[in-house]
Amino acid sequence: MNDYVIECHNLETAYVNSLNRPILNGINCQINRGEFVVLLGLNGAGKSTLLRSLVGLVPLVKGEIQINGVTMTPRTLPAIRRDVSMLFQGGGLIRQLSAIENVLCGRLGTKTTWQTLFGFGRRDRLLALDLLEQLGLKEFAEQKTSQLSGGQQQRVAIARALIQSPQILLADEPITGLDVIACQQVMQTLSELHSQQGMTIVTVLHDLGIAAEYAQRAIVVDAGCIVYDGACDNLQAKFSQLSQV
Ligand SMILES: Nc1ncnc2c1ncn2[C@@H]1O[C@H](COP(=O)(O)OP(=O)(O)OP(=O)(O)O)[C@@H](O)[C@H]1O
Ligand SMILES: [Mg+2]
């Protein structure tokens with residue numbers, strides 16, 4: 001029996017005149033529980049749009065998404081968002097807030113508006129601190145996010161995505177712009193979440209070498225379609241056939 005945590009059936013977004021096609025143009029794929037998948041493709045291929053569609057942020061005109069066997073609808077979306085965390089391209093942090101406050105924002109989805117009026121409880125704060133410590137940022141917890149380096153901000157974004165203990169982590173270019181050491185630290189963190197906690201990871205990367213080093217499977221997107229889905233062997237050759245826009 002299959003154990004798919006993510007299933008995309010013929011996903012299609014609205015037609016875009018400037019592209020002469022929909023951004024997602026018939027996406028079909030299945031991702032198994034506990035897989036580490038890398039999403040590759042040229043700029044504008046539709047990778048971010050595909051990831052965002054998995055947390056219900058992209059209007060679809062056709063197709064269906066199932067997460068853990070549950071079809072995504074406005075009614076099922078809140079429960080799905082508790083299982084799936086997204087690390088946005090560029091981090092998506094609130095710059096004026098401290099590191100710990102940004103991490104705590106990851107808890108907002110589990111709170112009612114009423115509860116948020118009272119601020120976050122001690123348990124949540126301890127959990128956030130614990131995550132920051134695991135990611136090597138304990139001393140920076142109270143520092144404004146705008147005063148952190150890019151790599152440190154990326155790790156705050158990871159802590160924010162992890163505070164709700166997701167089963168599935170979607171990461172959009174988590175290492176873009178980071179130095180070699182920070183890249184390795186972030187990839188190592190993702191790898192440990194995968195191997196030690198069995199988390200399903202889908203990450204967009206642009207570095208084919210790092211993709212092959214960490215991921216078990218590659219999905220290559222080109223002009224809104226999946227053009228390759230398989231092992232991470234010889235990825236360079238797959239890229240030479242992509243359409244340049
Ligand atoms: N809201 C929108 N309206 C119209 N076009 C959009 C919208 N969002 C994205 N696009 C276009 O859709 C295409 C795919 O965008 P997307 O952000 O998914 O690409 P990507 O593969 O993540 O690229 P990159 O590697 O540069 O991050 C791009 O050509 C982009 O200009
Ligand atoms: Mg993108």
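Biologist: How many residues has H6, and what distance does H6 reach from its first C-alpha to its last?

Modeller: This is a predicted model, in which local features need pLDDT of at least 70, side-chain atom pairs count only at pLDDT 80 or more, and totals for chains, interfaces and linings use all residues. Residues are numbered from 1 along each chain as its sequence is written, and chains are lettered from A and ligands numbered from 1 in the order in which they are written. Helices (DSSP runs of H or I, at least four residues) are numbered from the N terminus, as are strands (E, at least two). The expected span, 1.5 Å times one less than the number of residues, is 18 Å for H6, and this helix of 13 residues comes close to that value, reaching 18 Å.

Biologist: Why is H6 described as largely enclosed by the rest of the structure?

Modeller: A residue is buried if 20 or more other C-beta atoms, placed from the backbone, lie within 10 Å of its own, exposed if 12 or fewer, and partly exposed in between. The buried residues of H6 include Arg155, Val156 and Ala159. H6 is largely enclosed because the buried ones number 11 of its 13 residues.

Biologist: Which residues is Val103 in contact with, leaving aside its neighbours within four places in sequence?

Modeller: Contact requires C-beta atoms, placed from the backbone, within 7 Å. With those neighbours left aside, the contacts of Val103 are Ala128, Leu131, Leu132, Val156, Ala159, Arg160 and Ile163.

Biologist: Which helix gives the largest share of the shell around ligand 1?

Modeller: The residues around ligand 1 (C-beta atom, placed from the backbone, within 6 Å of it) include Lys47, Ser48 and Thr49. The largest share, 3 residues, comes from helix H1 (residues 47-53).

Terms used:
Contact = placed C-beta atoms within 7 Å.
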